[in-house]
Amino acid sequence: MKIISCIKPVPDPASRLVINETKTWIKDQDLTFVASEADNYALEEALRLKEKHGGEVVVISMGGEEAARVLRSGLAMGADRAIHLFDEKFKGADEFAAAEALAEAIRKDGGADLILTGVQSDDLGTGMTGVMLAEFLGIGHATVVVGVEANPDAKTLRAKRELEGGMNETVELPVPALLTIQFGINQPRYASLKGIMAAKKKEMKVLAAADLGLADHQVGRAGAMYEVKEVLIPERKSRVEILTGTPEEAAAKLVEKLRKEAKVL
Amino acid sequence: MIFVIAEHNNGRPKPITNELLVAAQRVSREFGQPVTAIVLGENTAAVADDLKSRKIDRVIRIDDPNLAQYSPDTYVTALNGLLADEKPFLVIAGHTTQGYDFAPRLAVKLRRPLIAGMVDFEKHGDRLILTRQIFNAKMNMKTAVRGEAPYLATASPGAFPGDEVEGGGNAEVVSYAAQLEGPSTRKVVDRAEAQKGQADLSSAPIIISGGRGLKQKENFQVIFDLAQSIGGSVGASRPVVDAEWLPREYQIGSSGQTVSPRLYIAVGISGAIQHLVGMQTSRCIVAINKDAEAPIFKVAHYGIVDDLFKVLPALTKIFNDLKAGS
């Protein structure tokens with residue numbers, strides 16, 4: 001099985017995020033980027049499927065040096081090779097433009113039996129890109145997947161989806177297929193020192209917009225379906241009463257409030 | 001026209017459908033566009049009958065045996081045909097395991113904008129501006145859709161109050177014949193309740209819930225200590241369960257349990273909307289978090305902005321002292 005695992009670089013969750021001057025995104029110049037958390041679960045699942053069924057795992061990402069960085073981490077975790085979509089023109093892509101570029105790159109690489117993405121990214125968090133990618137490639141998909149059972153001989157797979165209200169649904173679909181992987185499906189491995197050393201010798205193919213046969217109006221900000229008007233910290237229409245003082249004082253005030261005012265104790 | 005893709009089961013609209021209708025009715029007032037509810041499925045007469053009493057213009061039934069069970073390819077084919085015929089201004093689906101499963105495919109097929117996870121909207125001149133949450137609800141992003149209609153949006157559960165849906169209507173119910181190529185290539189082979197454990201929190205009067213702020217599994221002891229001193233149950237947010245600090249059965253939120261206790265104490269939980277929808281109807285909510293910007297404070301009644309590892313032992317001591325004294 002050839003499995004492609006998509007990785008999005010996002011600011012390290014520990015970073016302090018500040019909105020940029022034009023109020024259209026965050027200041028991202030001095031941030032450290034890591035793989036979006038759900039994408040780690042997707043890559044781990046890809047590696048486990050390869051260990052079981054054989055084949056190769058290819059990691060793919062779009063962006064500048066931060067994308068190369070998450071791809072190297074993916075190679076160190078055990079992926080066999082990497083594809084880096086690297087071009088100034090890709091900047092400002094929305095989910096639609098990103099999915100179209102990824103689709104062209106995957107087509108150029110000869111397609112795949114299985115494509116995995118995280119269920120959603122830590123930045124935009126909409127969970128759209130993977131599903132859009134499936135439509136661009138004309139293959140089936142399943143979202144919010146908490147279990148995968150591949151049957152390469154029958155060219156099918158079963159995916160267990162997590163639904164609302166504590167329900168699960170198992171679906172069967174033909175491969176090639178795309179799955180968006182839910183948090184917690186597995187425990188992602190850490191890269192070993194040996195893996196980090198081995199990663200340096202692995203192939204990292206770099207592709208620009210022109211390599212994908214995409215016109216300028218189809219990529220990056222120009223290819224986006226919406227325009228960002230403003231990024232802002234939401235006003236808190238809050239009823240909250242913040243209790244101050246030392247931890248002991250605040251705790252004492254809280255107990256008093258819960259007993260006398262809210263009367264819930 | 002504003003289309004709402006109704007979700008339903010057992011012949012009744014799901015609660016999210018009312019939320020979508022509220023969003024549509026509000027957009028309708030600003031843009032002067034009538035609202036139409038779309039019901040896909042098999043034997044949907046009862047759902048359509050229920051929906052027609054809302055203050056909307058029309059209900060369109062797409063009744064087909066191949067739509068009996070939700071699947072993205074059949075939904076996309078059916079809706080693609082309908083949208084080509086009707087040319088609506090806006091199509092609203094739920095940001096649910098159904099809505100975000102098919103809406104992105106439909107957007108690509110139509111090559112039209114999709115704003116996912118909408119929580120609010122504005123009208124700037126004639127332009128529709130949709131707001132969604134980014135960076136785990138720490139920030140909002142206002143986006144303007146580009147090009148021609150139709151525009152697609154999925155609305156976040158909990159963002160629009162379903163109980164404010166306007167009724168008193170008597171909408172016309174019409175049928176639309178979808179041109180489906182056959183059954184879905186994605187077949188549902190099983191549907192079951194995820195494993196439920198001992199921790200049934202649905203009737204717990206007091207819940208102390210811990211999140212990522214606990215930093216590691218061992219630290220969860222401070223939550224259990226407080227729960228014991230106050231006589232409450234323990235819950236957790238999704239990251240805690242994903243990291244296997246606690247079993248899945250403790251999870252509160254959209255993919256876990258929905259709770260409404262007398263007292264809910266959220267400790268080290270930032271308050272992603274997926275968590276909030278599972279606990280925001282609690283009678284009294286307390287948030288303890290060192291990040292004053294955390295969205296959990298938006299729904300809390302009382303808050304302490306400080307290090308939980310200092311606040312919790314102090315609270316536990318007070319309750320233990322009270323017990324010893326009484």
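The model is predicted: local features need pLDDT of at least 70 and side-chain atom pairs pLDDT 80 or more, while totals for chains, interfaces and linings use all residues. Residues are numbered from 1 along each chain as written, chains are lettered from A in the order written, and side-chain values use heavy atoms, leaving out hydrogens and water.

**Interface extent**
- Chain B brings 83 residues to the contact and chain A brings 85, where contact means heavy atoms within 4.5 Å.
- About 7,300 Å² is buried between the two chains, with carbon and sulfur atoms giving 57%; buried area is the accessible area (1.4 Å probe) lost on putting two parts together, summed over both.
- B:Arg105, B:Phe135 and B:Tyr302 supply 11% of the area that chain B buries against chain A, more than any other three residues.

**Charged pairs and strands**
- Nine salt bridges are counted between chain B and chain A, each a side-chain nitrogen of Lys or Arg within 4 Å of a carboxyl oxygen of Asp or Glu.
- A:Arg161 and B:Asp101 form a salt bridge through their side chains, at 3.5 Å from N to O.
- Strand 9 (residues 167-174) of chain A runs antiparallel to strand 12 (residues 187-193) of chain B, joined by six bridges; strands are DSSP runs of E, at least two residues, numbered from the N terminus, and they pair if DSSP finds at least two bridges.
- Opposite A:Glu172 stands B:Lys187 of strand 12 of chain B.

**A look at A:Asn20**
- A:Asn20 sits in the loop between strand 2 (9-11) and strand 3 (33-35) of chain A.
- A polar atom of the A:Asn20 side chain lies 2.9 Å from the backbone nitrogen of A:Thr24.

Conventions
Helix = DSSP H or I, 4+ residues; strand = E, 2+ residues; numbered from the N terminus. Polar contact = N/O pair within 3.5 Å; in protein donor to acceptor, adjacent residues only side chain to side chain.
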